[in-house]
Structure formats: structure tokens, C-alpha cells
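Me: I would like to go through the terms used for this chain and see what each one rests on. Here is the structure.

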Amino acid sequence: MACHQAPQPPTSERPFKKRVPVVRYEDIKPYVYRIVSGEPSSVLCSEPNTDLVRSSGTSGGAPEALSIHHGEKMSFFAMVLSRSRMEHRYGSGKMFVLRTGFRCCRHLHADQEKCGKGMYLMFTFPGNPTLSGLPVHSSGTAYCYSSHFKDHDIHRNTSPIEAVYCPDVKQSMYCQLLCGLIDRRIVDHVGGAFAHGFVKGVRFLEDNWEEMCSNIRTGHLSDWITHVPLRDASSHRYLKHPDPALADEIVSECAGRPWDGILRRLWPGARCILTIVTGSMSQYIPILESYGAGLPIVSHSYVSTECAAGINLRPLDPPSRASYALLPNIAYYEFAEVKLGVDDKVQGTTDNFGGVKLVDLMDVKIGRCYELVITTFAGLYRYRVGDLFTVSGFYNATPLFLFSGRHNVALNIDFECITEEDLLKAISQAYELHLRPLGYMFGGTTAYADISTLPGHYVLFWELVRAESNHIASDIDRTVMEKCCLTVEGCFDQMYRKSRHRGSIRALEIRVVKHGAFDALMDFFVSRGASPSHQAIRSEEALMVLEERVSGRFFNPETPSGPVYEYERK
């Protein structure tokens, strides 16, 4: 970690690899703490820090090393540079990737000169200062506060910048959708950063379109919009006068049920839905296809907190096959091959790769799965991002990578990442505190992320038996089970708690199943040649095996307590 200058491949490639070890977040965490506590950023980076950027990903499947919060980490990319250098490198890095990704989608327009604006939902969540005074926030928030966004990108969207910066998510969502409806004739694409957020926006529209139409009809914004900059911007720049004709158009489209194809009907000029649908976001593809009624779903770029690196050169490919070209001028990439077992678990790597040789970008093989290791200009050297990619093909001589998921992540709905180890520890804690003293024991446990209704929530299936008789428990106390729900949630990471406080995830549910349910589940997995030891369900058929045997459902309406961010000033 003493190295402070980015490598210069190929002349310095071999000595660089020889002298600099592969690291994970736990390896640089002590340096992060020192910077957070007020030490100069030179302990890790070559230039002064201006911001700390949160990432929601796990760190190589070892969340326990992160003390209080398991899934969250702070990483350094362009935001750690001085303002002048940051704008230069951020503009040539993440901004370059985003701009290039958008350009790759422009051929969706028959007439390039008639490209309009995007009805693209964006939100910022400013964090509190750390002990050192440095602000800590998400990479999306950092992007929205950059000068490039304020000077250029915001003008390509129907949303006023005051809505993006509004701290009240409900007011921001309402006004962004309202402005998008007012400008519906000039919208050429719709979307949001992540699929779950955009789907949430469409559901919000479904609940509030009548009020929005009333605002358009009368030219008066609802009184509950009280954020002054947002109210002024929406009223003076969008609701300039009553427009009953536009209100009637929108009513005619929204009043019918079901809402299949609503995006195409409300924004007839839209050519695509721009949003990330890779990884855990892929579960939202079916509902987006229903809303879009044939609109292409384009996941145009691969951007992580650590590095904005990939563009989708084939945006019209099916969203489940979205693949990215990693740009060699953004970072230096290395890849560790991983082997997946029958149950899709990583089999071929250990925490230090176990001596597995890392290969360069030009040496990857089609069809093989790799974990990404990056070296950036901002202070990450041979850093394990934790993202897994499969080489899906080539664009000329450039390899294309299909995002395969996170290393050792079992459950995910919003930005949290719950590993199998997190899940086991949480269930064990609930058992020791609430079930074991009453003589219960587990006949089986598993889990899945339910997004059939939004916001989504986690569901745990438990088969409980009496320890003294080994018979199924039939007289389970509801209060005890509600305590179990809250205990399990309290063991999850801080990103989970943040999502619960925001309302992005609903309360966890425990479903108690009848005796023999997990025997039936095991028979199901074995009949398909898979391991019966799953901690998380990924199959609709497997889910139905348990659903048919549910005997009780339990929630706890309380929100789990605990700090939201470890680094914030108390």
C-alpha cells in the first residue's frame, strides 16, 4: 500500500504485480479509518480527499470484518481527488462512461436531430460529515453534485434540478413525474438509475396520477409540496398556466386497467427504458416489460463505486444478456477465474485467491467466469471489487462481460447485500434469544426476497419442532415470532437498516411451515441434480414447494434499531 502512483503497463506491469499484493476492503479499512479520523489522505492516496463514497457491496464474502456494518464499505474512486483534478478525471472517467453509454443508445432514434429529453428519475441522499469533516455519501449523489451534471446532464432531463436535490423523496418523486407528464411530447427515453427505483416510481404514479392531472388542469401545484426551491421551480417553469387538454390526454391513458404498456402510452416518443437490470435488478425485468409493452430495456453502462468502467455496445440485446466492454483507459484490469458449482456457488477461489493466477484483459476466455480486480488513478491498487463476470463474447477483439452477480451474496432487494453467513448468524441469534429457551429447534430454514408487491421484503421459511419430542410445533406464540423477526433484521447490515428507515424495504416476514416441508424441498432439489443445502431460494418451483405448506405468517411492524452509518459524526 506504499505505492502512490498508478502503474504504467506494459513496461511496469511485471514489477507492479510482483510488488503490490491483491487487496480487499479489509486491507485498506485501517487507512480509511485514519482518514475519517482526520489524518492526511496521503496515508492512502496521492492527492487530498474531498469526499468519501459509500458502496453497498460486500467485500469478498467476509462481512464480519466490517464490525458494526457488514455490507457497507467506503471506497475511493475519482471523488477522493482535489476538486480541480476530480472534475478532470471524473469527467474523463465516470462521465465519459455515462456519455459513451448514452451515445451507444442513440441509434435507437430514427432521426438523430429529433432526440428529446429523458424522463429519468434521480435522487440524492446527502450524508452527514464524518469525524474529520469529510462528507460521506453514495456515488450516485456524488455524481449529481458534480459540476458536469449541474452544467450539462440535468438539461437533458425533464426533472428540474431542484427536484433532484430535494431531501424529501416523496415530494421529489411527485414533481419529477409531474414534470415528466407535462413534457411528455418531448420525452425520448424513460428510466432511472436502478430498475427497482424506476418500478417504484411507476407504482407511485399509479397511486397519484389523478392528483397530478388536477394540478395540470388548474395550473396549481398541490399544497403539500412545501420544499420552497422545488415548489418555485415546478410552478414557474412547468405549471405556467392551466392545461385541461393535456390533463384529459393523461386521464384517458391512466384511467384504464391494467397498466400494461403505460410507459409507451404516456410517453409515445420514448424509444427505450434506460435502467440497470443486471444482477439482483434482473428480477424486475418482467414488470418492466409489462409496463413498456415492447420498449427495449437498455442497461447502458457498468458503473461501480470503485470504478466506472463498462459500456454496453449492444444495447438492443435482451436485458438478461446485457454485456459490457471494459474501457482500458479508465483503469487497469485483472481477472481471477472462479469456478461455479451445480448450485451456482463460487468453488474456485479463496480470500487470497489461493495462488490462482490473475490474467489481463486480453487473456480472458469466452464462457469463463472471473472476479474483477482493478487498479485506479485514485488510490485502489489491485483491489478486489467483488463483482463476478462471465465472458459472453467479443466485439471485434474486445471481450464483452456479462455481469454474473456479487461474490457470496445470498439476498438483495435494494442496495443491501445479505450473505449466507449474515443470514445464518441472524437466524442463530434469534434462535438463541427467543426459541431455544422455549424448547424449540429448527427442522429447516431458507429465505427469499419477495418483490411481488413493492416495496419488497425478505421472507424466511422456518420449520419448528419441539426439542423434547421432535414433533412439529403447533402452539407458536405470536409475540415470540415477532421478536424473532426484529432480531433477525437487527443483525443485518446498515444498508438494510437504511432501506427499512426509508421505506424501500418492508418488514421481514417469517413463514412457519408444516412438518415435512423441508424434506419435500430436499427431494425437489435432488430430483434436479442440485444441492439441497440452499440458504436462499432462487426458483419459483422451489418456492411453491414451501408455500403450499405454510401454516403461519409473522411480521414485526417495528423498524430495527442501530446506527445507520458507522462513520457519521455522533
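Me: What makes β13 and strand β14 (residues 383-395) a pair, and in which sense do they pair?
Reply: Two strands pair if DSSP finds at least two bridges between them. β13 and β14 have five bridges, in the antiparallel sense, so they count as paired by that definition. In β14, Thr390 is the bridge partner of Cys369. The model is predicted: local features need pLDDT of at least 70, side-chain atom pairs count only at pLDDT 80 or more, and totals for chains, interfaces and linings use all residues. Residues are numbered from 1 along each chain as its sequence is written, and side-chain values use heavy atoms, with hydrogens and water left out.

Me: How do you know that strand β11 (residues 332-338) pairs with β13?
Reply: Seven bridges join β11 and β13 in the antiparallel sense. One of the bridges links Tyr333 to Ile374 in β13.

Me: Why is strand β13 (residues 369-375) called mostly covered?
Reply: Buried means under 20% relative accessible area, exposed over 50%, and partly exposed in between, with a 1.4 Å probe and protein chains only. Seven of the seven residues of β13 are buried. In a regular strand the side chains alternate between the two faces of the sheet. Here Cys369, Glu371, Val373 and Thr375 are buried on one side, and Tyr370, Leu372 and Ile374 are buried on the other. Over the chain, buried residues make up 55% of the 570.

Me: What makes β16 (440-450) and β19 (550-555) edge strands?
Reply: The open sheet has the order β16-β17-β18-β19, with mixed pairing. β16 and β19 each have a single partner strand, so one side of each is left without a neighbour in the sheet. The twist averages 25° from one strand to the next. For β19, strand β18 (residues 509-513) pairs with it in the antiparallel sense over five bridges, and Val513 has Val550 as its bridge partner.

Me: Which strands does helix α15 (residues 478-491) touch?
Reply: Contact means heavy atoms within 4.5 Å. α15 packs on the sheet and touches β17 (457-466), β18 and β19. Its direction makes about 60° with that of β19; axes are lines fitted to C-alpha atoms, for helices over the stretch in contact, and angles run from 0 to 180 degrees between N-to-C directions.

Methods. Helix = DSSP H or I, 4+ residues; strand = E, 2+ residues; numbered from the N terminus.
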